[in-house]
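Work through the following exercises with the sequence and the model open side by side. Each one sets a task and then gives a solution in steps.

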Amino acid sequence: MELCSSSPSSSLLRICSSSAPEISFSSSISQFPSKTQSILTKSRFQNLRICASVTAETQGLPRDSPQRLLKELAQRKTATGPKKKVPPKRFILRPPLDDKKLAERFLNSPQLSLKSFPLLSSCLPSSKLNNADKTWIDEYLLEVKQALGYSLEPSESLGDDNPAKHFDTLLYLAFQHPSCDRARARHVKNGHSRLWFLGQYVLELALTEFFLQRYPRESPGPMRERVFALIGKRYLPKWIKAASLQNLIFPYDDMDKLIRKEREPPVKSVFWALFGAIYLCFGMPEVYRVLFEVFGMDPDADECQPRSRRQLEDVDYVSVEFEGKKLGWQDIATYKPPEDALFAHPRLFRACVPPGMHRFRGNIWDFDSKPKVMQTLGYPLTMNDRIKEITEARNIELGLGLQLCFLHPSKHKFEHPRFCFERLEYVGQKIQDIAMAERLLMKHLDAPGKWLQEKHRRLLMNKFCGRYLREKRLHNFIIYSEEVHDRYEHNRRLRNPATTAVQQAIHGLAYTIYGKPDVRRLMFEVFDFEQIQPKAV
């Protein structure tokens with residue numbers, strides 16, 4: 001046996017050269033040229049060990065036996081194969097906590113401390129702030145509060161029935177973006193991401209309501225461009241710099257010298273989280289104050305104007321509140337509906353449902369379809385009104401709004417540009433987003449914001465929203481023009497966007513008449529938005 005001669009490399013070459021012509025295993029040997037070369041470059045010690053093991057196993061077989069050659073090749077293949085890499089420790093699953101420890105962790109969490117403010121409680125950090133967190137608060141929080149125009153007194157001194165008591169904690173979390181040092185702590189990272197998850201929808205809803213009331217004759221297309229020009233991510237660094245907050249986001253860098261992909265994500269993260277904290281503690285009026293007073297946003301600036309487009313002339317009347325004047329942010333932030341108001345948001349309703357809608361009362365849809373739609377949606381809701389006429393007037397306006405929700409733009413768009421569901425759809429999309437965001441925050445207390453964002457996106461996909469409406473058979477009541485009715489009836493791709501728009505318009509109408517609780521009722525009781533479980537995130 002010549003395998004264990006003085007030179008292992010020569011023995012390997014001798015085996016290959018001597019056995020190949022007699023047995024004709026050229027195809028098998030040709031599969032391992034790289035393996036043979038790698039063996040030749042191994043250390044002498046490894047080659048000797050391989051030779052010893054091969055000799056022990058093939059000693060009883062003839063020299064030219066095919067089984068012997070195959071065993072030698074298999075042995076070399078296993079001996080020279082790559083070693084399996086051990087996964088890093090951070091990817092190794094930890095043993096789950098037992099029930100007692102898990103219960104203690106949840107019960108001691110600040111997220112379960114507030115009974116009267118469940119949404120605010122769900123956005124608090126999952127564990128109490130430590131010394132490193134309090135060091136940042138002592139060093140920088142006064143500067144933040146001074147820049148935003150808040151009292152410098154600690155918020156903990158406020159009463160338990162005041163949501164602003166936790167403003168210092170939420171304000172600290174808002175500035176801990178993923179690129180900063182403190183974001184490595186789990187309670188800080190999750191707390192910040194949950195705040196920006198909520199804050200993005202707060203900003204969208206605030207500016208949607210503002211522009212709908214400021215421009216009562218405008219379609220949603222130009223308004224979306226106005227909103228993007230104010231809170232698009234490329235414009236946010238300008239507002240942060242206007243409030244002198246850039247040094248708190250980039251303490252070691254000059255923000256103006258950073259490239260866009262390094263500057264915009266941290267600014268956007270802090271900006272969204274900041275308005276999530278303000279909304280939780282002070283409500284929507286304070287959101288308007290900070291936007292227009294602290295950051296100095298100007299909706300009349302040249303860069304905020306939408307591109308010029310062919311706009312259909314609107315000859316119909318608008319509500320008296322909007323005639324001849326353009327509302328400012330103070331008018332919207334300080335507006336309080338009168339005590340005998342028909343709706344939860346009367347001025348927003350008047351901005352979306354034009355007065356001329358009353359000319360359609362008594363048509364065929366009013367008698368034939370409206371009772372079925374109202375029965376399916378559970379309308380009208382019982383309200384405790386002092387005067388019977390108020391209830392009747394609200395129900396009349398509700399019926400008109402429902403007809404507007406089911407009125408496709410192909411019907412009256414060219415004669416009456418505002419007589420379709422576009423404006424109600426616009427506000428309905430935003431209130432739907434924020435209602436789902438609040439539900440996910442309170443339902444998943446330990447989930448980070450990115451996980452919630454993905455689940456939110458999958459639950460509110462357009463194809464699902466239209467499906468919820470079609471499952472209730474409400475798509476049969478949509479009013480199309482005669483020209484497009486046949487095409488929409490037999491073409492699902494044309495019909496699905498219309499059903500999604502109607503479903504969102506219904507939520508917008510519910511918000512303006514009955515408020516956010518009715519939006520939740522429609523989403524989670526009538527349409528059952530969580531019936532379709534999305535794929536695992």
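**Exercise 1.** From which domains does the lining of the second largest cavity draw at least three residues each?

*Solution.* Bear in mind that the model is a predicted one. Begin with the count, which comes to four cavities of 30 Å³ or more, and then turn to the second largest cavity, which holds about 80 Å³ of space. Next, list its lining, which is formed by R217, E218, S219, P220, Q311, D314, K413, P417, R418, C420, E422 and R423. Domain 1 (103-302) and domain 2 (336-523) each supply at least three of the lining residues. Finally, sort the lining of this second largest cavity by class, which gives seven charged, three nonpolar and two polar residues.

**Exercise 2.** Determine how helices α10 and α15 are oriented to each other, and describe the residues through which they meet.

*Solution.* Helix α10 spans residues 186-214 and helix α15 spans residues 284-294, and they pack with their axes 11 Å apart at an angle of about 85°. Angles of 65 to 115 degrees count as roughly perpendicular, and α10 and α15 are therefore roughly perpendicular to each other. On the α10 side the contact involves V202, L203, L205, A206, L207, E209 and F210, which meet M284, V287, Y288, L291 and F292 of α15. The residues of this contact between α10 and α15 comprise eleven nonpolar and one charged, with no polar residue.

**Exercise 3.** Carry out the analysis for α9 and α10, giving the crossing angle and the residues in contact.

*Solution.* The axes of helix α9 (residues 167-174) and α10 cross at roughly 90° and come within 8 Å, which makes α9 roughly perpendicular to α10. The contact is built from L170, Y172, L173 and A174 of α9 together with H187, V188, G191, H192 and L195 of α10. Sorted by class, the residues of the contact of α9 with α10 are six nonpolar and three polar, with no charged residue.

Definitions and conventions. Residues are numbered from 1 along each chain as its sequence is written. This is a predicted model: local features need pLDDT of at least 70, side-chain atom pairs count only at pLDDT 80 or more; totals for chains, interfaces and linings use all residues. Side-chain values use heavy atoms; hydrogens and water are left out. On a 1 Å grid over the protein atoms alone, a cavity is a set of points where a 1.4 Å probe fits but cannot get out, and a pocket is an open set with protein on both sides within 12 Å along at least five of seven lines; lining residues have an atom within 4 Å of a point. Grid points are joined across faces, edges and corners, and a volume is the space filled by probe spheres set on the points. Ala, Val, Leu, Ile, Met, Phe, Trp, Tyr, Cys and Pro count as nonpolar, Asp, Glu, Lys and Arg as charged, and the others, Gly among them, as polar. Domain bounds come from an automatic or database domain assignment. Axes are lines fitted to C-alpha atoms, for helices over the stretch in contact, and angles run from 0 to 180 degrees between N-to-C directions. Helices (H or I, at least four residues) and strands (E, at least two) are DSSP runs, numbered from the N terminus. Angles under 35 degrees count as roughly parallel, over 145 as roughly antiparallel, 65 to 115 as roughly perpendicular and the rest as oblique. Contact means heavy atoms within 4.5 Å.
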